[in-house]
Amino acid sequence: MKKVLICSSILFLSFSSCSVNQSLKQSIAQPEKFGAVPTQRQLDWQKLEYYGFVHFNMNTFTDREWGYGDEKPEWFNPTDFDAEQWAKVAKKAGMKGLILTAKHHDGFCLWPSAYTEHTIANSPYKNGKGDIVKELAEACKKHDLLFGVYLSPWDRNHAAYAQDAYVDVFLGQLNELLTNYGDLFEVWFDGANGGDGYYGGAREARKIDAKTYYRWDKVVDMVREHQPKAVIFGAKGADIRWIGNEEGIGTETNWSTMNPIVMNETREQLQKGVKNAEDWLPAEADVSVRPGWYYHAREDHLVRPLSHMVDIYYKSVGRNANLLLNIPVDTRGLVHENDEQRLYELYEVIQADFENKVSEDAEFKADGRTIESKFMTDDELSTHYYNPQLEDSQQQVIEIDLGKSQIFNRLQVQENIEFGQRVESFELEIFKDNQWHKITEGTTIGYQRLLRFEPVKAQKARLIIKKSLAAPVISTFNLYKAPNLLVEPTLERKKSGEVSFSVPNKQTEIYYSYKKDQPQNFTKFSKPLKISEPTTIYYASFDPETQKYSSVQTANLDIPKAKWQAIDENGKPLKEATKAIDENVYSVYVSTPEAPEIIIDLGENIDITGFTYWPSQERWAYGTIQNYELYTSEDLKSWNLAKEGEFSNVKNNPIEQKILFQKTNTRYIKLKSTKTTDGSKKASFAEVSVITLNP
């Protein structure tokens with residue numbers, strides 16, 4: 001159904017042919033377009049909201065993020081490749097499509113390109129007869145997903161890169177992707193261009209002018225000719241823009257308009273757009289489900305927490321941007337189980353948050369007129385409320401009556417962007433105790449704003465458009481009651497030994513116990529716990545509304561570090577090394593190359609039965625200890641070797657390493673690196689602890 005009711009070309013007149021009530025006929029009108037407006041392909045793209053990126057290529061097998069270009073095609077050899085598994089996961093996770101890294105900066109092509117030998121045709125995969133672009137395109141079609149391609153303009157493998165001849169290769173490869181794999185919804189060009197590379201054996205740095213070298217006018221013409229419905233990212237003449245970061249986070253203010261893109265926009269312009277600018281150029285927010293874009297086994301435990309993923313959704317899709325969420329497919333050629341589970345959990349939260357629409361049958365009014373509720377609550381942009389008689393200085397107010405007092409904690413508001421983006425600021429208020437109270441506010445709206453706030457209870461609310469470039473065209477005004485996000489609590493311990501817990505939602509309660517039991521028998525957490533002895537603690541979240549508990553978590557806490565000091569070999573405090581004993585695994589001490597070790601004064605003589613070592617959790621960590629020696633001393637002069645060995649698989653799985661040995665009485669410990677995973681002479685220490693319990 002068309003959302004806009006048009007009774008005549010003359011506004012605000014009543015005709016018997018319009019089968020709606022008089023008040024509605026007087027309140028719905030056809031706006032004039034204001035400023036830049038989206039093309040049909042941009043509008044169709046914006047409605048997708050959420051889709052997937054797939055980084056799977058040579059880097060998957062070299063354990064890199066950027067390949068140098070000297071990789072051998074025979075290294076590419078997935079053992080259990082299954083494009084249908086990717087498509088099934090994406091579909092179940094609520095994604096609308098997938099974009100594949102058909103060629104990354106190393107130049108390796110996932111299809112048998114006629115323009116280079118550096119392709120899948122020279123790999124062991126299917127004896128050189130494979131075409132992963134084709135397999136994924138077919139899987140997407142089978143499972144009703146859109147398909148898009150990523151093509152790196154930079155090619156660190158090709159000998160002719162930075163010369164005119166390479167641009168013909170680039171255009172030829174683009175033509176292959178545009179014409180051989182069916183309909184594409186997006187064509188993605190990376191902004192990384194020029195630098196050092198293999199370049200056919202030259203092994204040198206090459207520079208290009210990214211604004212002119214690739215013949216962007218020709219690139220755009222080719223996409224328009226062969227894939228007229230596809231939006232373009234990353235080219236001069238693109239349809240959509242980068243959000244300015246790789247964290248998936250949009251800014252509060254996000255205009256979908258920009259001045260003609262010249263590929264040297266400031267970070268602020270990319271993030272916020274430019275108010276009332278010449279071109280429609282909406283934002284796309286890209287982020288990976290784990291730290292790396294490509295799969296690294298060492299990041300299997302670093303899939304982003306659910307609460308973080310939900311936050312990303314609200315700060316991308318909820319801030320007038322589309323979310324491009326990356327899945328780093330593993331060396332098997334499958335979406336890893338950890339990533340798969342998180343994607344499903346995210347979609348479950350999204351569905352639950354917008355399932356209970358309390359405004360579904362509400363009564364809406366504006367300017368003294370009643371608006372049919374479906375004009376505000378349905379999923380069609382083309383139904384809207386608009387008052388052309390509104391003066392520029394006037395605020396637009398749309399009131400909602402829910403019929404009875406109800407609880408809600410989410411706001412969805414949309415403009416009909418077919419007529420441009422107009423709103424600069426807005427507020428949501430509720431009527432309580434015979435007066436209006438502001439609950440939340442925002443700046444721009446555009447295609448969509450989703451706002452979270454603490455639950456409130458009211459029968460009446462109102463959306464106030466405080467400032468607008470022109471009379472606002474409001475397509476959606478919905479209120480929802482979202483459930484609490486029930487996730488396991490985060491345990492935090494200070495160096496003093498004080499323990500506290502936290503959860504994202506204020507309504508969620510936390511319970512704990514010092515003995516293993518049912519959470520119903522736990523104690524409610526209200527203030528930090530003072531723990532001075534080795535203790536095992538059990539804890540869980542509780543949603544008072546649903547009466548549900550999260551899974552019970554367990555933490556084995558050893559002696560506190562209140563008396564501990566990091567010192568040098570002479571016993572003097574080493575301030576920088578305190579990062580290794582501050583109970584924070586995200587602060588890291590890096591030693592000198594001359595002394596790849598850390599010495600800790602425990603403050604008193606104690607019996608220890610082992611130690612633990614946390615390697616750096618930084619994405620580009622270095623100095624991770626692979627082989628170690630642990631020494632003990634009572635006087636800082638005579639040292640005894642208590643244990644030596646290897647932290648198994650610490651490079652691929654950089655989690656806490658726990659080492660046990662026979663009980664030893666000591667005051668000082670020294671953990672020394674004899675070999676690091678990357679060959680660095682420096683050693684890094686995120687956190688070091690001792691074990692005092694019996695092994």
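This tour of a predicted model visits aromatic rings, a strand hairpin and a cavity.

**Aromatic pairs.** The model holds 46 aromatic pairs. Start by selecting Phe56 and Phe61, an edge-to-face pair at 5.9 Å centre to centre with 65° between the planes. Phe56 is buried, at 0% relative accessibility, while Phe61 is partly exposed at 22%. Next, pick Phe354 and Tyr480: this pair is also edge-to-face, with 5.1 Å between centres and 85° between planes. Phe354 sits in the loop between helix H10 and strand E13, and Tyr480 belongs to strand E19, so the pair ties together parts 126 residues apart in sequence. Tyr480 is buried at 4%; Phe354, at 21%, is partly exposed.

**An aromatic cluster.** Now select Tyr161, Tyr166, Phe170, Phe189, Tyr199, Tyr213, Tyr214 and Trp216, which form one cluster.

**A lysine over two rings.** Move on to Lys670. Its charged end sits over the ring of Trp639, 4.6 Å from the centre, and Lys670 also lies over the face of Tyr631, at 5.3 Å from that ring centre.

**A hairpin.** Show residues 490-493 (E20) and 498-502 (E21), antiparallel strands joined by four bridges. Arg493 stands opposite Val499. In the turn, look for Gly497, with a positive phi of about 105°. E21 also runs antiparallel to E24 (residues 529-530), through two bridges; there Glu498 partners Lys530.

**A cavity.** Which residues line the second largest cavity? Among them are Phe34, Trp255, Asn276, Trp280, Gln421 and Leu469. The cavity has about 50 Å³ of space, and its lining divides into six nonpolar, five polar and no charged residues.

Definitions and conventions
Residues numbered from 1 in each chain as written. Predicted model: local features only at pLDDT ≥ 70, side-chain atom pairs only at ≥ 80, totals over all residues. Heavy atoms only, no water. 1 Å grid on protein atoms, 1.4 Å probe; cavity = no way out; pocket = protein on both sides within 12 Å on 5 of 7 lines; lining within 4 Å. Points joined across faces, edges and corners; volume = space filled by probe spheres on them. Nonpolar A, V, L, I, M, F, W, Y, C, P; charged D, E, K, R; others polar. Pairing = 2+ DSSP bridges. Phe/Tyr/Trp six-rings, centres within 6.5 Å; stacked < 30°, edge-to-face > 60°. Buried < 20%, exposed > 50% of the residue type's maximum accessible area, 1.4 Å probe, protein only. Lys NZ or Arg CZ within 6 Å of the ring centre and 35° of its normal.
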